[in-house]
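Have the viewer open and let us walk through it together.

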Amino acid sequence: MADDLLIGVLEAARRHSGSPALTDGRGRTTTYAELADRVLGTAHRLRSRGFTPGSRMLFSVRPGPDAIVLALGTVAAGGTVVFVDPGGGQELFTKRTELAGPAWVAAESVLYAASAPGPVRALARRRGVLLPDYTALPVRYIRSGPWLPGVPLRAVSTRTLAKPVADAPLPDPRPDQDAVVVFTSGTTAEPKAVVHTRGSLAAALNVLAARCELGPDSRVHTDQMMLGLPALVAGAHWSMPPYGFAPAADPVALAAGLEGTTHTFLVPSDMAAILDSGVALPRSLRQVLLGSAPVLPPLLRRARAALPGVELLAVYGMTEILPIAIATAEEKLAHDGDLLGRPLPGVRARVAEDGELMVAGPNMCRGYLGSPPLTEHATGDLARLEGDLIVLTGRKKDMILRGGTNVYPGLYEPAITRLPGVAAAVMVGVPDEIGDERIVLAIVPSPDAGPELAARVQASLPDLIDVYALPDEVVVLPELPLSGRTRKIDRSALRTRLAR
């Protein structure tokens, strides 16, 4: 496989020119030949309009074929795509754009209209939607969608850029070129942005394509580039749900969208909602990737029973290096701890003196924007190595301090979720009146939990966990607070709720 993301996609387009490459949420399909023509056309027209190698493009275009074409075309023109979420407020937006220093902006027409001074912005604000003003930036503009009042007059449309150009030259391989910038953790005062190259992305996509056995006979249904781009590199068919579609809100529609699909990606909360609904997923499925949040044994047991013959893969990774490890449902259920799996080919893992997992590999980002290159990444996760297996033991930031003793919830939560009647379990520290922390265990009951679950769990704990980590209180909740697009458990919100 190619060691350059862009070259990998274009080579796949040459091999599978007449095959379907992308299908959007409305059922419109782009072939591989059309995809390549539109990407190369976009690169040519960007250069002809003054886009220079090394330029950065602030990118706020919804997932879909137009976004994929524009992103790849930007990279083919020698530029870098800077993904930015407009929902963080003006101050954060300003700090991020100052760090990124974009020369171009690509955004949805409605974003321009709702953020520029005028009637649409006033209406949006009355409805509680506060967006940063994209039109105030000293840049060149691209719009996705029809022209609307508030869109910069000279903004060029993505459709115009993507028109094919006769004999458009193929880009040279440049695996070291910065391709993508993704903002991640960091304060408003000091935003943090991960920089991936064409080579680091290619390494990640190649590993996933190989592990998932993606090929021309595969159909991937997802809005996640983590799985969609490996599909394109492998010559598979990538279909996308409608923009903003939430699987948990409409499992029936999800099942319909998955018809004929061989691979998909779900966050655990969406998988749980599908299982609760009783909707049958199509028999064409071969693999379901689960990630972005802890994948717990009760969910895996239910999913394995409901999807016989489907391989369930728990993916461990992060923005800085994805993927790091993958474990099957069978491997995770057979292990007593929170097994992450073996490091994937090329990934190197070690455990630092304080127990933190350190990783590196060809799929690791170059580093953070404006900072020196990384040689390895500190994951923030605590782990141990059992031979070549990585076992998660907790998060450094989730540590609870009680009586001078450090308690790491991740050491104990997997064992608690294996108790009968427990669907999920989270331990948090709640500050008490003397500056110490009480440990509160919040559990979510499974459908067959029965009465007196808290008492039964409390009675079972001394045989499961260390005495210094025994909770002061066990609380049963109907659900745990989740946050963000990835639907991770919000420990901070849970801590606040329990403190009240």
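Let us begin with β24 and strand β25 (residues 437-445), which pair in the antiparallel sense over nine bridges. Within this pairing, A425 faces I443 of β25. Please keep in mind that the model you are viewing is a predicted one.

These strands belong to an open sheet of three strands, ordered β24-β25-β26, whose pairing is mixed. At its edges lie β24 (422-431) and β26 (473-476), each of which pairs on one side only. On average, and with direction ignored, neighbouring strands of this sheet are turned by 25 degrees against each other.

Now turn to strand β5 (residues 104-108). Is this strand mostly covered or mostly open? It is mostly covered, as five of its five residues are buried. Strand β5 has parallel pairings with strand β3 (residues 56-60), over four bridges, and with strand β6 (residues 140-144), over five bridges.

| Strands | Sense | Bridges |
|---|---|---|
| β24 and β25 | antiparallel | nine bridges |
| β3 and β5 | parallel | four bridges |
| β5 and β6 | parallel | five bridges |

Next come the helices. Two packed helices are described by the angle between their axes and the distance between the axes.

Helix α2 (residues 32-48) and helix α3 (residues 65-76) have axes that come within 8 Å and cross at roughly 55 degrees. The two helices, α2 and α3, are therefore oblique to each other, and their crossing is right-handed. On the α2 side, the contact is made by L35, R38, V39, T42, A43, L46 and R47; on the α3 side, by D66, V69, L70, L72, G73, T74 and A76. By class, the residues of this contact between α2 and α3 are eight nonpolar, three polar and three charged.

How are helix α8 (residues 198-211) and helix α9 (residues 225-233) packed, and at what angle? They meet at about 80 degrees, with their axes 8 Å apart, which makes α8 roughly perpendicular to α9. Helix α8 contributes L205, N206, L208 and A209 to the contact, and α9 contributes M226, L229, P230 and V233. The contact of α8 with α9 comprises seven nonpolar residues, one polar residue and no charged ones.

How values were computed: Residues numbered from 1 in each chain as written. Predicted model: local features only at pLDDT ≥ 70, side-chain atom pairs only at ≥ 80, totals over all residues. Heavy atoms only, no water. Buried < 20%, exposed > 50% of the residue type's maximum accessible area, 1.4 Å probe, protein only. Pairing = 2+ DSSP bridges. Axes fitted to C-alpha atoms, helices over the stretch in contact; angles between N-to-C directions. Parallel < 35°, antiparallel > 145°, perpendicular 65-115°, else oblique. Left-handed = near helix turned anticlockwise from the far one by under 90°. Contact = heavy atoms within 4.5 Å. Nonpolar A, V, L, I, M, F, W, Y, C, P; charged D, E, K, R; others polar.
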